[in-house]
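Dear colleague,

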Amino acid sequence: MATAKPTSSIASRIDSLAHNLWWSWNPDAQRLFAALDPQLWHATRNNPIRTLKLLSPERRKLIESDPRFAAEVDRVERLLRDYLDSPTWATRKKKLANKTVAYFCSEYAIHECMQQYSGGLGVLAGDHIKSVSDLGVPLVGVGLLYRRGYYTQEFASDGSTRVIYPELDFADLPITDTGKVGSVRIGTVDVKFKIWKQSVGRAALYLMDTDLPDNDSVTRQLTHHLYGRDSTGHERDYRIRQEFLLGVGGLIMLEKVGIKPDVCHLNEGHAAFNALERLARTIKSGKSIIDAIASVRHSTVFTTHTPVPAGNDRFDPELALKYIGHYAKACKMSESDLLALGREDPTDAKEPFCMTVLALKLADHCNGVAALHGEVSRSMWMKTYGVTDPNDVPIGSITNGIHSETWLAPEARPFYAKHLKPKWNGAGPEHDPWKAIDKVPDAELWNLRNLLRAKLIHGIRQRLLEAIARGIGPVEHYARAYQTFDPHTLTIGFARRFATYKRAPLVFRDAKRLAKILGNDKRPVQIVFAGKAHPADLGGQGFAAQIYKHASEAGFAGRVAIIEDYDMAVGRLLTSGSDVWLNNPLRPQEASGTSGMKPPLHGGLNFSILDGWWPEAFDQTNGWSIGGKQFKDQDKQDDYDAKSIYTILEKEIVPAFYERNRAGIPTDWLKRMRRSMQTVCQQFSTGRMVADYVNDYYSPASK
Ligand SMILES: *Cc1c(COP(=O)(O)O)cnc(C)c1O
């Protein structure tokens, strides 16, 4: 927030820069913020506003008087202006001229200092917004602003996990108070919300916050937790009220800030009440029910994100009616017809009300997040459409991507600038700088890989030391941190939420065989894990504990590490440093899995079950596929897949990494690195993905 400092002061100019999250993918801006005070920058999760606030008076004085600081602020301000002023793909191609798309999502991962995300859905939404900014697409994001956000995870010495919820002071975050408030009736309560804005390059997110003195104490908690509960303890009741706020309150919020969306994109079913509210409004404006449904459907885009049943929100009919019952009258239908909008079988009065079904029934433009996930979704939702052939289910697919600049290590930027000359700014989705990777000399590409691996190992040790310093335990543990990992060893990374279907500990299934692979003196291997389990997911918590214990066992000590927490910073560290990215979900439960799209930016190779996005990308030359057969019995599946992992490691991955020419370069490995970069980086970027959404869905839906 703007403070009363004179506008010319360096601190207030840095504060202004910090309020456009463009810096979250610009290394020059980040470098400037870090220079304020590197330790504070690290301690605040790289939060420029908190760093500024906590600066010592001496440091503040120095910054205000050092001409080099002033020159650097000038330069970064110019970079931001250049970014904002450059012509964009959407304007050049006249995409969505005079139209507005509203994008609804329950979580956004824009930067680690905003603890407003839990995992892949948030990361995808954050990357979507950033590419919307790059491409100049007229889209605004809608969400909730969580005061207690998502938790940080720490380990106790037995491997059990402890969760710590942040208590965010919104004045410390790179967001702006719009000064506007809105109000939405949820059940019998008038819920007031404050409207915050977060600028992300050219794009913006509007966020609702109900923690206001005007609301009662239960309502104040409505925006405290992401996927949690309030003090009443009713998780389902909390969830449905949050979803009502997101979908319906979100629409009211947009009116308050003067935005009238032409298209609403419901990113996951959480916001599906939005379509119901628009239906009621359209009927109120005088349209017949049939016309109103057609009009809402035409202008609604819905993306489903998971085939896992628990990921598709369902509510008891009574609970649903408590909050949406009034729509029966508003939409001129009976309560059972209303509930039928959320039922796969409209005649089954016992069936719960499902948000995914509601969204599918009220959106013409529906998609899964990878080709395989589209196929799985078509089979999964046949009943909803009353058909028996999956091909008759109108769910398409747009494969996810990542925002390349966000995930690109700053240390790789000079290499990119020299060899690939990417035009990040103003380029369209057809611009593909990775094609040129063939021209880069082997030695330079290999140097980059070695540098990023060394950085990863430094980062792992640093985080281990911090965890040891924070924990209660023997002082000998300090030495252990320095014995962890080696910068020349083949390094495998695994980082994702510890949802059970992702099978984080699978590689330990035959611990002896794994120990033999990792412990080979001439050709050693090391594996780093990171991940969080939801506090209510005991299976996932157990996974974290298992890996934690393995990391200190004799056969694995120094070769297996687990990082305490998992956020965007840890994600960047692991995906940029790892040589191999391991992914072994139970097929076909991984809808997309975007983490595997990040290592190829740095020459990392995927080693993955053919699930989610990987069947589209894998071509034998750019990584490896695990398993292939599917079993009904999970025990058999785990055995089979684990064996496949060991065999490929022993026969292919380890030899290819350690097979060197006279200059010490693994030429076969480098061929694969180049193929990985060429086949993944452009195709699986959000630049390509957002352009697909514009062309295939937003443009037709806006007409
Ligand atoms: C990339 C990323 C994800 C998504 O990874 P999946 O492979 O989809 O599980 C989740 N969390 C963080 C912090 C990430 O960086």
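**Findings: helix packing, ligand and backbone**

In helix α1, residues I14, L17 and A18 meet L32, F33 and L36 of helix α2. By class, this contact of α1 with α2 consists of six nonpolar residues, with no polar and no charged ones. Please bear in mind throughout that the model is predicted.

The two helices of this pair span residues 10-18 (α1) and 27-36 (α2), and they pack at an angle of about 135 degrees with their axes 11 Å apart. The helices α1 and α2 are therefore oblique to each other. Their crossing is left-handed.

Two further helix pairs may be described in the same terms. In general, a pair of packed helices is described by the angle between the axes and by the distance between them.

The second pair is formed by helix α21 (residues 442-470) and helix α25 (residues 568-577), whose axes come within 8 Å and cross at roughly 140 degrees. An angle over 145 degrees would count as roughly antiparallel; α21 and α25 are therefore oblique to each other. The crossing of α21 past α25 is left-handed. On the α21 side, the contact involves R449, L452, R453, K455, L456, G459, I460 and R463. These meet A569, V570, L573, L574, S576 and G577 in α25. Sorted by class, the contact of α21 with α25 comprises seven nonpolar, three polar and four charged residues.

The crossing of α23 and α27 is left-handed. From α23, the residues R513, L514 and I517 take part, and they meet K643, Y646, T647, L649, E650 and V654 in α27. The contact of α23 with α27 divides into five nonpolar, one polar and three charged residues.

Turning to the ligand, which residues are the closest to it? They are K502, Y566, T594, S595 and K598, among the 13 residues that surround the ligand. Three of these residues can be described at the level of atoms:

- K502: an N or O atom in its side chain is 2.9 Å from an oxygen atom of the ligand.
- Y566: a polar atom of its side chain lies 3.3 Å from a nitrogen atom of the ligand.
- T594: a backbone N or O atom lies 3.1 Å from an oxygen atom of the ligand.

Finally, two points concern the backbone. Most peptide bonds are trans, and most residues other than glycine have a negative phi. The bond that joins R587 and P588, however, is a cis peptide bond, with omega about 0 degrees. P588 belongs to the loop between β17 (580-583) and β18 (605-609). E268, for its part, is not a glycine, yet has a positive phi of about 85 degrees. The location of E268 is the loop between β8 (263-267) and α11 (273-284).

With kind regards

Key:
Residues are numbered from 1 along each chain as its sequence is written. This is a predicted model: local features need pLDDT of at least 70, side-chain atom pairs count only at pLDDT 80 or more; totals for chains, interfaces and linings use all residues. Side-chain values use heavy atoms; hydrogens and water are left out. A crossing is left-handed if the near helix is turned anticlockwise from the far one by less than a right angle, and right-handed if clockwise. Helices (H or I, at least four residues) and strands (E, at least two) are DSSP runs, numbered from the N terminus. Contact means heavy atoms within 4.5 Å. Ala, Val, Leu, Ile, Met, Phe, Trp, Tyr, Cys and Pro count as nonpolar, Asp, Glu, Lys and Arg as charged, and the others, Gly among them, as polar. A residue is near a molecule or strand if one of its heavy atoms lies within 4 Å of it. A polar contact is a pair of N or O atoms within 3.5 Å; within protein, one must be able to donate a hydrogen and the other to accept it, and residues adjacent in sequence count only if both atoms are side-chain atoms. Axes are lines fitted to C-alpha atoms, for helices over the stretch in contact, and angles run from 0 to 180 degrees between N-to-C directions. Angles under 35 degrees count as roughly parallel, over 145 as roughly antiparallel, 65 to 115 as roughly perpendicular and the rest as oblique.
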